[in-house]
Amino acid sequence: MLMRLTRRELLKAGMATGASLLLPAIDLRAQSSGLIQKKIPSSGESLPAIGLGTARRWESITTDAERAPLRDTLREFKAVGATVIDSSPTYGTAEAIVGELVSELKVRDGLFLATKVSISGKEAGVKQIEASFKRLRTPKIDLIAVHNLRDTHTHLATLRDLRRVGRIRYIGITTSFPNQYADFERTMKAEKLDFIQVDYALDNRTAGERILPLAAERSMAVMINLPFGRGRLFNAVQGKQLPEWAAEFDCKTWAQFFLKYIVSHPAVTCAVPGMAKAEYVRDNIGAAHGRLPDAAMRRRMENFIDGV
Ligand SMILES: NC(=O)c1ccc[n+]([C@@H]2O[C@H](COP(=O)([O-])OP(=O)(O)OC[C@H]3O[C@@H](n4cnc5c(N)ncnc54)[C@H](OP(=O)(O)O)[C@@H]3O)[C@@H](O)[C@H]2O)c1
(Lines give C-alpha, C1' and ligand atoms only; values in the text may rest on other atoms or scores of the structure.)
Protein backbone atom coordinates (compact mmCIF):
# COMPACT_ATOMS: atom_id res chain seq x y z
CA MET A 1 0.00 0.00 0.00
CA LEU A 2 2.83 2.38 0.82
CA MET A 3 4.28 1.93 -2.66
CA ARG A 4 1.20 3.56 -4.13
CA LEU A 5 1.47 6.77 -2.10
CA THR A 6 2.76 9.78 -4.01
CA ARG A 7 5.72 11.77 -2.72
CA ARG A 8 3.31 14.61 -1.85
CA GLU A 9 1.15 12.25 0.20
CA LEU A 10 4.21 10.85 1.92
CA LEU A 11 5.42 14.32 2.79
CA LYS A 12 1.96 15.23 4.09
CA ALA A 13 1.97 12.12 6.26
CA GLY A 14 5.44 12.97 7.54
CA MET A 15 6.85 9.70 6.26
CA ALA A 16 9.38 11.08 3.80
CA THR A 17 11.13 12.93 6.60
CA GLY A 18 11.25 9.97 8.94
CA ALA A 19 8.73 11.69 11.20
CA SER A 20 6.31 8.78 10.90
CA LEU A 21 7.54 7.23 14.12
CA LEU A 22 6.42 10.31 15.98
CA LEU A 23 2.95 10.32 14.51
CA PRO A 24 -0.01 8.66 16.19
CA ALA A 25 -1.57 6.00 13.92
CA ILE A 26 -1.42 7.41 10.41
CA ASP A 27 -4.50 6.20 8.63
CA LEU A 28 -3.29 4.49 5.49
CA ARG A 29 -6.88 4.00 4.36
CA ALA A 30 -7.26 7.78 4.27
CA GLN A 31 -3.90 8.34 2.57
CA SER A 32 -4.77 6.00 -0.25
CA SER A 33 -8.52 6.40 -0.12
CA GLY A 34 -8.88 7.21 -3.81
CA LEU A 35 -11.90 9.41 -3.09
CA ILE A 36 -13.16 11.48 -6.01
CA GLN A 37 -11.80 14.96 -5.44
CA LYS A 38 -12.90 18.27 -6.95
CA LYS A 39 -10.92 21.50 -7.15
CA ILE A 40 -11.73 24.81 -5.48
CA PRO A 41 -11.32 27.17 -8.46
CA SER A 42 -9.91 30.10 -6.46
CA SER A 43 -6.99 28.08 -5.08
CA GLY A 44 -6.71 24.79 -6.96
CA GLU A 45 -6.98 22.90 -3.65
CA SER A 46 -8.82 19.58 -3.97
CA LEU A 47 -11.64 18.42 -1.70
CA PRO A 48 -13.32 15.02 -1.47
CA ALA A 49 -16.68 15.25 -3.23
CA ILE A 50 -18.65 14.06 -0.18
CA GLY A 51 -18.61 15.94 3.13
CA LEU A 52 -20.75 16.01 6.27
CA GLY A 53 -23.64 18.30 7.22
CA THR A 54 -24.44 18.95 10.88
CA ALA A 55 -27.91 20.51 10.78
CA ARG A 56 -30.64 18.84 12.85
CA ARG A 57 -28.98 15.63 14.11
CA TRP A 58 -26.05 17.48 15.74
CA GLU A 59 -28.21 20.30 17.09
CA SER A 60 -29.56 19.10 20.44
CA ILE A 61 -26.83 16.98 22.00
CA THR A 62 -26.68 16.91 25.78
CA THR A 63 -25.79 13.40 26.92
CA ASP A 64 -22.88 11.00 26.36
CA ALA A 65 -25.30 8.52 24.85
CA GLU A 66 -26.22 11.14 22.21
CA ARG A 67 -22.57 12.05 21.65
CA ALA A 68 -21.42 8.44 21.06
CA PRO A 69 -22.88 7.89 17.56
CA LEU A 70 -21.54 11.29 16.48
CA ARG A 71 -18.07 10.34 17.72
CA ASP A 72 -18.32 7.12 15.66
CA THR A 73 -19.55 9.13 12.68
CA LEU A 74 -16.60 11.50 12.87
CA ARG A 75 -14.10 8.71 13.44
CA GLU A 76 -15.40 6.85 10.39
CA PHE A 77 -15.53 10.06 8.36
CA LYS A 78 -11.87 10.73 9.04
CA ALA A 79 -10.89 7.08 8.51
CA VAL A 80 -12.36 6.95 5.03
CA GLY A 81 -10.44 10.06 4.01
CA ALA A 82 -13.31 12.58 3.96
CA THR A 83 -12.59 16.13 5.11
CA VAL A 84 -15.39 18.69 4.66
CA ILE A 85 -17.66 19.39 7.65
CA ASP A 86 -20.38 22.03 7.34
CA SER A 87 -21.88 23.69 10.39
CA SER A 88 -23.41 26.95 11.57
CA PRO A 89 -23.71 28.93 14.80
CA THR A 90 -27.47 28.57 14.34
CA TYR A 91 -27.38 24.76 14.52
CA GLY A 92 -27.80 24.53 18.31
CA THR A 93 -25.01 22.39 19.77
CA ALA A 94 -23.53 21.38 16.38
CA GLU A 95 -20.44 23.62 16.26
CA ALA A 96 -19.59 22.88 19.88
CA ILE A 97 -19.95 19.13 19.41
CA VAL A 98 -17.83 19.21 16.25
CA GLY A 99 -15.15 21.19 18.14
CA GLU A 100 -15.29 18.87 21.13
CA LEU A 101 -15.11 15.62 19.14
CA VAL A 102 -12.47 16.87 16.70
CA SER A 103 -10.33 17.84 19.64
CA GLU A 104 -11.01 14.62 21.57
CA LEU A 105 -10.18 12.43 18.54
CA LYS A 106 -7.26 14.72 17.62
CA VAL A 107 -8.34 14.85 13.98
CA ARG A 108 -8.23 18.59 13.20
CA ASP A 109 -5.36 18.16 10.72
CA GLY A 110 -6.65 17.52 7.25
CA LEU A 111 -10.25 18.41 8.07
CA PHE A 112 -11.91 21.24 6.18
CA LEU A 113 -14.17 23.05 8.68
CA ALA A 114 -16.87 25.25 7.21
CA THR A 115 -19.31 27.39 9.15
CA LYS A 116 -21.43 30.47 8.63
CA VAL A 117 -22.21 33.91 9.93
CA SER A 118 -25.91 34.25 10.51
CA ILE A 119 -26.94 37.46 12.25
CA SER A 120 -27.48 41.12 11.34
CA GLY A 121 -24.97 43.88 12.05
CA LYS A 122 -21.21 44.23 11.86
CA GLU A 123 -20.43 43.95 15.58
CA ALA A 124 -22.90 41.12 16.13
CA GLY A 125 -21.33 39.28 13.18
CA VAL A 126 -17.80 39.70 14.52
CA LYS A 127 -18.96 38.44 17.92
CA GLN A 128 -20.69 35.44 16.39
CA ILE A 129 -17.63 34.55 14.30
CA GLU A 130 -15.34 34.77 17.34
CA ALA A 131 -17.69 32.43 19.20
CA SER A 132 -17.46 29.97 16.27
CA PHE A 133 -13.65 29.91 16.58
CA LYS A 134 -14.06 29.09 20.28
CA ARG A 135 -16.73 26.45 19.80
CA LEU A 136 -14.88 24.78 16.93
CA ARG A 137 -11.68 24.96 19.04
CA THR A 138 -9.49 25.99 16.16
CA PRO A 139 -7.38 29.07 15.38
CA LYS A 140 -8.21 28.71 11.69
CA ILE A 141 -11.58 28.05 10.06
CA ASP A 142 -11.37 26.90 6.46
CA LEU A 143 -14.55 28.53 5.17
CA ILE A 144 -17.06 31.00 6.60
CA ALA A 145 -20.08 31.80 4.45
CA VAL A 146 -22.85 34.34 4.92
CA HIS A 147 -25.89 32.24 5.86
CA ASN A 148 -28.98 32.75 3.73
CA LEU A 149 -27.77 36.17 2.52
CA ARG A 150 -28.27 37.72 5.93
CA ASP A 151 -26.58 41.14 5.89
CA THR A 152 -24.29 39.91 3.11
CA HIS A 153 -22.28 43.04 2.34
CA THR A 154 -21.56 43.81 5.96
CA HIS A 155 -20.25 40.34 6.67
CA LEU A 156 -18.33 39.89 3.42
CA ALA A 157 -16.17 42.86 4.45
CA THR A 158 -15.47 41.21 7.83
CA LEU A 159 -14.77 37.86 6.17
CA ARG A 160 -12.34 39.42 3.70
CA ASP A 161 -10.44 41.01 6.59
CA LEU A 162 -10.26 37.63 8.35
CA ARG A 163 -9.05 35.96 5.17
CA ARG A 164 -6.41 38.66 4.68
CA VAL A 165 -4.92 38.00 8.12
CA GLY A 166 -5.07 34.22 7.60
CA ARG A 167 -7.70 33.32 10.21
CA ILE A 168 -10.02 31.93 7.56
CA ARG A 169 -9.09 30.54 4.16
CA TYR A 170 -12.23 30.96 2.06
CA ILE A 171 -15.39 33.08 2.02
CA GLY A 172 -18.80 32.47 0.54
CA ILE A 173 -22.58 32.75 0.68
CA THR A 174 -25.34 30.18 1.19
CA THR A 175 -29.02 29.71 0.55
CA SER A 176 -31.56 26.92 0.44
CA PHE A 177 -34.53 29.11 -0.46
CA PRO A 178 -35.65 29.48 -4.10
CA ASN A 179 -37.12 32.90 -3.29
CA GLN A 180 -33.57 34.06 -2.56
CA TYR A 181 -32.13 32.78 -5.85
CA ALA A 182 -32.45 36.10 -7.75
CA ASP A 183 -30.64 37.96 -4.99
CA PHE A 184 -28.15 35.10 -4.70
CA GLU A 185 -27.31 35.35 -8.43
CA ARG A 186 -26.94 39.14 -8.19
CA THR A 187 -24.52 38.67 -5.31
CA MET A 188 -22.57 36.04 -7.24
CA LYS A 189 -22.24 38.48 -10.15
CA ALA A 190 -21.24 41.41 -7.97
CA GLU A 191 -18.84 39.78 -5.50
CA LYS A 192 -15.69 37.74 -5.80
CA LEU A 193 -16.39 34.63 -3.72
CA ASP A 194 -14.48 31.40 -3.16
CA PHE A 195 -17.61 29.32 -2.47
CA ILE A 196 -21.34 29.26 -2.83
CA GLN A 197 -23.59 26.77 -1.03
CA VAL A 198 -27.03 26.00 -2.44
CA ASP A 199 -29.73 23.31 -2.31
CA TYR A 200 -29.70 20.86 -5.21
CA ALA A 201 -30.98 17.30 -5.41
CA LEU A 202 -32.17 14.79 -7.99
CA ASP A 203 -35.76 15.95 -7.43
CA ASN A 204 -34.86 19.62 -6.81
CA ARG A 205 -32.89 20.75 -9.83
CA THR A 206 -33.67 24.46 -10.06
CA ALA A 207 -30.18 25.52 -8.96
CA GLY A 208 -28.84 23.57 -11.94
CA GLU A 209 -30.55 25.98 -14.35
CA ARG A 210 -28.64 29.17 -13.60
CA ILE A 211 -26.81 29.11 -10.27
CA LEU A 212 -24.50 26.17 -10.97
CA PRO A 213 -23.52 27.40 -14.47
CA LEU A 214 -22.96 30.88 -13.03
CA ALA A 215 -20.69 29.44 -10.33
CA ALA A 216 -18.62 27.73 -13.02
CA GLU A 217 -18.46 30.95 -15.03
CA ARG A 218 -17.44 32.96 -11.94
CA SER A 219 -14.90 30.28 -10.82
CA MET A 220 -16.65 29.63 -7.51
CA ALA A 221 -16.57 26.33 -5.67
CA VAL A 222 -20.01 24.83 -5.00
CA MET A 223 -21.10 23.05 -1.83
CA ILE A 224 -24.51 21.38 -2.08
CA ASN A 225 -26.88 21.39 0.89
CA LEU A 226 -30.06 19.28 1.30
CA PRO A 227 -28.73 16.63 -1.14
CA PHE A 228 -31.51 14.24 -0.05
CA GLY A 229 -34.08 16.99 0.48
CA ARG A 230 -33.92 15.78 4.10
CA GLY A 231 -35.95 12.52 3.95
CA ARG A 232 -37.82 13.44 0.76
CA LEU A 233 -35.83 11.40 -1.78
CA PHE A 234 -35.68 8.30 0.41
CA ASN A 235 -39.45 8.49 0.86
CA ALA A 236 -39.95 8.81 -2.90
CA VAL A 237 -38.18 5.49 -3.59
CA GLN A 238 -39.38 3.58 -0.54
CA GLY A 239 -40.01 -0.07 -1.41
CA LYS A 240 -38.47 0.38 -4.88
CA GLN A 241 -35.51 -1.56 -6.28
CA LEU A 242 -32.45 0.35 -7.40
CA PRO A 243 -32.47 0.14 -11.22
CA GLU A 244 -30.00 -2.38 -12.62
CA TRP A 245 -28.35 0.31 -14.76
CA ALA A 246 -27.12 2.02 -11.56
CA ALA A 247 -24.30 -0.54 -11.63
CA GLU A 248 -23.02 1.17 -14.80
CA PHE A 249 -21.75 3.99 -12.57
CA ASP A 250 -20.73 1.82 -9.62
CA CYS A 251 -23.77 2.70 -7.52
CA LYS A 252 -24.97 0.19 -4.94
CA THR A 253 -27.51 2.11 -2.82
CA TRP A 254 -30.15 4.79 -3.10
CA ALA A 255 -28.01 7.23 -1.12
CA GLN A 256 -25.19 6.77 -3.64
CA PHE A 257 -27.67 7.17 -6.50
CA PHE A 258 -28.77 10.56 -5.18
CA LEU A 259 -25.26 11.75 -4.32
CA LYS A 260 -23.60 10.57 -7.53
CA TYR A 261 -26.17 12.58 -9.45
CA ILE A 262 -25.09 15.70 -7.56
CA VAL A 263 -21.32 15.31 -7.61
CA SER A 264 -21.32 14.38 -11.31
CA HIS A 265 -22.46 17.92 -12.10
CA PRO A 266 -19.29 19.57 -13.44
CA ALA A 267 -19.78 22.74 -11.37
CA VAL A 268 -20.27 20.92 -8.06
CA THR A 269 -17.31 20.67 -5.70
CA CYS A 270 -18.91 18.66 -2.89
CA ALA A 271 -22.19 17.68 -1.27
CA VAL A 272 -22.69 17.76 2.50
CA PRO A 273 -25.32 15.16 3.43
CA GLY A 274 -26.49 15.31 7.04
CA MET A 275 -25.05 12.29 8.85
CA ALA A 276 -25.17 11.18 12.45
CA LYS A 277 -24.41 7.48 11.98
CA ALA A 278 -21.16 5.77 10.95
CA GLU A 279 -23.12 3.49 8.62
CA TYR A 280 -24.35 6.56 6.72
CA VAL A 281 -20.73 7.67 6.27
CA ARG A 282 -19.76 4.28 4.82
CA ASP A 283 -22.76 4.37 2.52
CA ASN A 284 -22.52 8.00 1.40
CA ILE A 285 -18.77 8.00 0.89
CA GLY A 286 -19.36 5.25 -1.66
CA ALA A 287 -20.63 8.05 -3.90
CA ALA A 288 -17.08 9.42 -3.99
CA HIS A 289 -15.75 6.13 -5.38
CA GLY A 290 -15.85 4.54 -8.82
CA ARG A 291 -17.47 5.91 -11.94
CA LEU A 292 -19.89 8.84 -12.06
CA PRO A 293 -22.90 9.15 -14.38
CA ASP A 294 -22.29 11.01 -17.66
CA ALA A 295 -24.74 13.55 -19.12
CA ALA A 296 -26.95 10.91 -20.78
CA MET A 297 -27.07 8.84 -17.61
CA ARG A 298 -27.89 11.94 -15.55
CA ARG A 299 -30.93 12.51 -17.82
CA ARG A 300 -31.97 8.91 -17.30
CA MET A 301 -31.77 9.42 -13.53
CA GLU A 302 -33.91 12.57 -13.80
CA ASN A 303 -36.52 10.74 -15.89
CA PHE A 304 -36.52 7.93 -13.37
CA ILE A 305 -37.17 10.15 -10.35
CA ASP A 306 -39.72 12.24 -12.25
CA GLY A 307 -41.60 9.00 -12.91
CA VAL A 308 -41.80 7.63 -9.37
N1 LIG B 1 -28.81 27.60 3.93
C2 LIG B 1 -27.89 26.77 4.39
O3 LIG B 1 -26.76 27.16 4.59
C4 LIG B 1 -28.24 25.33 4.64
C5 LIG B 1 -29.57 24.91 4.61
C6 LIG B 1 -29.86 23.56 4.82
C7 LIG B 1 -28.83 22.67 5.05
N8 LIG B 1 -27.53 23.10 5.11
C9 LIG B 1 -26.42 22.16 5.31
O10 LIG B 1 -26.63 21.05 4.45
C11 LIG B 1 -26.57 19.84 5.21
C12 LIG B 1 -27.44 18.78 4.58
O13 LIG B 1 -28.81 19.06 4.76
P14 LIG B 1 -29.73 18.23 5.78
O15 LIG B 1 -28.84 17.52 6.73
O16 LIG B 1 -30.72 19.16 6.34
O17 LIG B 1 -30.52 17.25 4.81
P18 LIG B 1 -30.05 16.07 3.83
O19 LIG B 1 -28.58 15.94 3.79
O20 LIG B 1 -30.77 16.27 2.56
O21 LIG B 1 -30.68 14.81 4.56
C22 LIG B 1 -30.12 14.36 5.76
C23 LIG B 1 -30.87 13.13 6.24
O24 LIG B 1 -30.81 12.07 5.30
C25 LIG B 1 -30.78 10.84 5.99
N26 LIG B 1 -29.59 10.10 5.51
C27 LIG B 1 -28.31 10.52 5.39
N28 LIG B 1 -27.53 9.57 4.86
C29 LIG B 1 -28.34 8.48 4.68
C30 LIG B 1 -28.12 7.18 4.17
N31 LIG B 1 -26.93 6.79 3.72
N32 LIG B 1 -29.19 6.32 4.12
C33 LIG B 1 -30.40 6.70 4.55
N34 LIG B 1 -30.68 7.92 5.04
C35 LIG B 1 -29.65 8.80 5.10
C36 LIG B 1 -30.67 11.12 7.45
O37 LIG B 1 -31.96 11.00 8.03
P38 LIG B 1 -32.17 10.45 9.52
O39 LIG B 1 -31.17 11.20 10.36
O40 LIG B 1 -33.59 10.79 9.78
O41 LIG B 1 -31.91 8.97 9.48
C42 LIG B 1 -30.22 12.55 7.49
O43 LIG B 1 -30.61 13.25 8.63
C44 LIG B 1 -27.00 20.27 6.60
O45 LIG B 1 -26.66 19.29 7.57
C46 LIG B 1 -26.30 21.59 6.72
O47 LIG B 1 -24.94 21.38 7.07
C48 LIG B 1 -27.23 24.42 4.90
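**The ligand shell and the packing around it**

Reply: Helix H11, residues 278-285, gives the most to the shell around the ligand, with 3 residues. Helices here are DSSP runs of H or I with at least four residues, strands are runs of E with at least two, and both are numbered from the N terminus. The model is predicted, so local features need pLDDT of at least 70 and side-chain atom pairs count only at pLDDT 80 or more, while totals for chains, interfaces and linings use all residues. Residue numbers start from 1 along each chain as its sequence is written.

The shell has 29 residues, and the closest are Gly 53, Ala 55, Thr 174, Asn 225 and Gly 274. By class, the shell has 11 nonpolar, 13 polar and 5 charged residues. Nonpolar means Ala, Val, Leu, Ile, Met, Phe, Trp, Tyr, Cys or Pro; charged means Asp, Glu, Lys or Arg; the others, Gly among them, are polar.

From H11 we move to helix H3. The axes of H3 and H11 are 7 Å apart, at an angle of about 30°. Axes are lines fitted to C-alpha atoms, for helices over the stretch in contact, and angles run from 0 to 180 degrees between N-to-C directions. H3 and H11 are therefore roughly parallel to each other; angles under 35 degrees count as roughly parallel, over 145 as roughly antiparallel, 65 to 115 as roughly perpendicular and the rest as oblique. Contact means that the C-beta atoms of two residues, placed from the backbone, lie within 7 Å. These residues divide into 3 nonpolar, 1 polar and 3 charged.

H3 (residues 64-79) also packs on helix H4 (residues 94-105), where the axes come within 10 Å and cross at roughly 60°. That angle makes H3 oblique to H4. This crossing, too, is right-handed. H3 brings Arg 67, Leu 70, Arg 71, Leu 74 and Arg 75, and H4 brings Ile 97, Leu 101 and Leu 105. The contact has 5 nonpolar, no polar and 3 charged residues.

Next comes the sheet. Its 8 strands form an open sheet in the order S3-S4-S5-S6-S7-S8-S9-S10, with parallel pairing. Strands S3 (52-53) and S10 (270-271) are at the edges with a single partner strand each, so one side of each has no neighbour in the sheet. Two strands pair if DSSP finds at least two bridges between them. Strands S6 (residues 141-146) and S7 (residues 168-174) are joined by 5 bridges in the parallel sense. Within this pair, Leu 143 has Tyr 170 of S7 as its bridge partner. Helix H5 (residues 122-136) lies across S6 and strand S5 (112-117), at about 150° to S5.

Note on methods
Near = placed C-beta within 6 Å. Left-handed = near helix turned anticlockwise from the far one by under 90°.
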